[in-house]
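This report describes selected side-chain and helix features of one protein. Please consult the sequence and the structure shown here while reading.

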Amino acid sequence: MPMTWGYAPSEQHGEAAVRAVHAALDAGATLLDTADAYGPFTNELLLGRVLKERRGDAFVAAKCGLLVGERHLVANGSPAYIRRACDASLRRLQTDVIDLYQLHRPDPEVPVEDTWGAMAELVTAGKVRALGVCALDRPYSRGTPSGAGAGSRAGAARPPVLRLLERLQQIFPVSSVQAELSVWAQRARTELLPWCEAHGVGLLAAMPLGRGFLTGTLTTGGGFEAGDLRAADPRFTAEMMAVNQPVVAGLRRVAARHPGATPAQAALAWLLALSPVVIPVPGSKKERWVRENCAADGLRLTPADVHELTCLPPAQSSWD
């Protein structure tokens with residue numbers, strides 16, 4: 001997503017992003033996670049340039065069901081729209097099949113069984129290989145302000161996630177669940193991970209580096225560009241970035257015990273140590289960070305390291 005939408009618009013450069021994707025594949029990464037909403041559409045077009053040459057090297061995960069307006073995000077789960085969206089994504093990605101097709105957000109005005117049934121039809125048609133769901137704890141009603149979901153209160157009203165997953169399982173198998181999971185946002189570890197492990201379902205850890213905060217490279221109070229979603233995230237006010245520094249300090253402590261390791265690598269290694277079904281999905285747009293992220297696969301944390309990171313304080317926000 002950061003390559004074409006959401007973060008630091010001035011740093012979004014197509015050729016650099018293409019090189020970063022190639023670097024990830026060269027380093028052994030295989031999962032490329034995109035969405036038609038990222039841009040919208042520009043992220044899929046960018047990946048399509050790479051996939052045209054290297055489709056066999058990549059496991060392609062795309063998303064549908066979320067429309068991006070000028071100021072609002074709009075969920076659309078109608079079967080007709082899902083079918084059109086899939087065909088459009090296939091064209092932009094320059095591939096004849098999507099390995100994992102994810103429902104980006106449930107549409108509160110369409111029975112999720114209808115949406116999921118339409119997605120299952122895509123598997124039967126050979127356009128999609130498997131289905132997943134994304135951010136079930138952040139439902140979007142029609143007309144949700146753009147960026148609002150990122151700052152949802154932990155106690156805000158949300159659908160009964162596990163019950164919803166069971167409903168979907170009755171129609172077609174859920175292969176993956178994508179949700180925010182990191183050392184400073186661990187709710188999915190306790191709420192979703194046990195279910196995923198019990199059902200053999202992959203848990204795609206979104207925002208594993210806390211939208212860049214956990215890398216330790218963001219300047220407290222430095223501000224964000226217009227159009228950067230973090231400017232509206234209550235975890236990224238100057239005050240809260242200062243309050244949350246102990247999380248970064250903990251990552252630095254653990255990383256320092258492993259020569260050459262960085263806080264970002266410690267954060268990703270913690271996720272890899274949690275469970276075989278956890279797959280971190282760090283967003284990046286530069287070759288340097290892609291290579292650093294991929295190298296986290298070689299960082300072996302001790303049980304004491306894992307425990308220390310698990311016990312780091314959760315993110316504080318201006319809503320707390």
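W184, F213, F224 and F236 come together in one aromatic cluster. The model is predicted: local features need pLDDT of at least 70 and side-chain atom pairs count only at pLDDT 80 or more, while totals for chains, interfaces and linings use all residues. Residues are numbered from 1 along each chain as its sequence is written, and side-chain values use heavy atoms, with hydrogens and water left out.

**Aromatic pairs**

In total, the structure holds 5 aromatic pairs. Rings of Phe, Tyr and Trp (its six-membered ring) pair if their centres lie within 6.5 Å; planes under 30 degrees apart count as stacked, over 60 as edge-to-face and the rest as tilted. Two of these pairs are tabulated.

| Pair | Centre to centre | Angle between planes | Class |
|---|---|---|---|
| W5 and Y38 | 6.0 Å | 20 degrees | stacked |
| W184 and F236 | 6.1 Å | 80 degrees | edge-to-face |

W5 belongs to the segment before α1 (14-26) and Y38 to the loop between β1 (31-33) and α2 (42-54), so their pair ties together parts 33 residues apart in sequence. Helices (H or I, at least four residues) and strands (E, at least two) are DSSP runs, numbered from the N terminus. W184 is found in the loop between β8 (176-180) and α6 (187-191), and F236 in the loop between β9 (202-206) and α8 (238-243); this pair therefore ties together parts 52 residues apart in sequence. Both W5 and Y38 are buried, as are W184 and F236; buried means under 20% relative accessible area, with a 1.4 Å probe and protein chains only.

**The surroundings of K63**

K63 is placed in strand β2 (residues 59-64) and counts as buried because its relative accessibility is 0%. Its side chain makes a polar contact of 2.6 Å with that of D33, a polar contact being a pair of N or O atoms within 3.5 Å; within protein, one must be able to donate a hydrogen and the other to accept it, and residues adjacent in sequence count only if both atoms are side-chain atoms. A polar atom of the K63 side chain also lies 3.2 Å from the backbone oxygen of T34. Not counting residues up to four places away in sequence, K63 touches residues including Y38, Y101, H104 and C134, where contact means heavy atoms within 4.5 Å.

**Helix α1**

The buried residues of α1 are A17, V18, A20, V21, H22, A23, A24 and L25. They pack against β1, α2 and α11 (287-295). Just after α1, G28 takes a positive phi of about 105 degrees.

Terms used: Buried means under 20% relative accessible area, exposed over 50%, partly exposed in between (1.4 Å probe, protein chains only).
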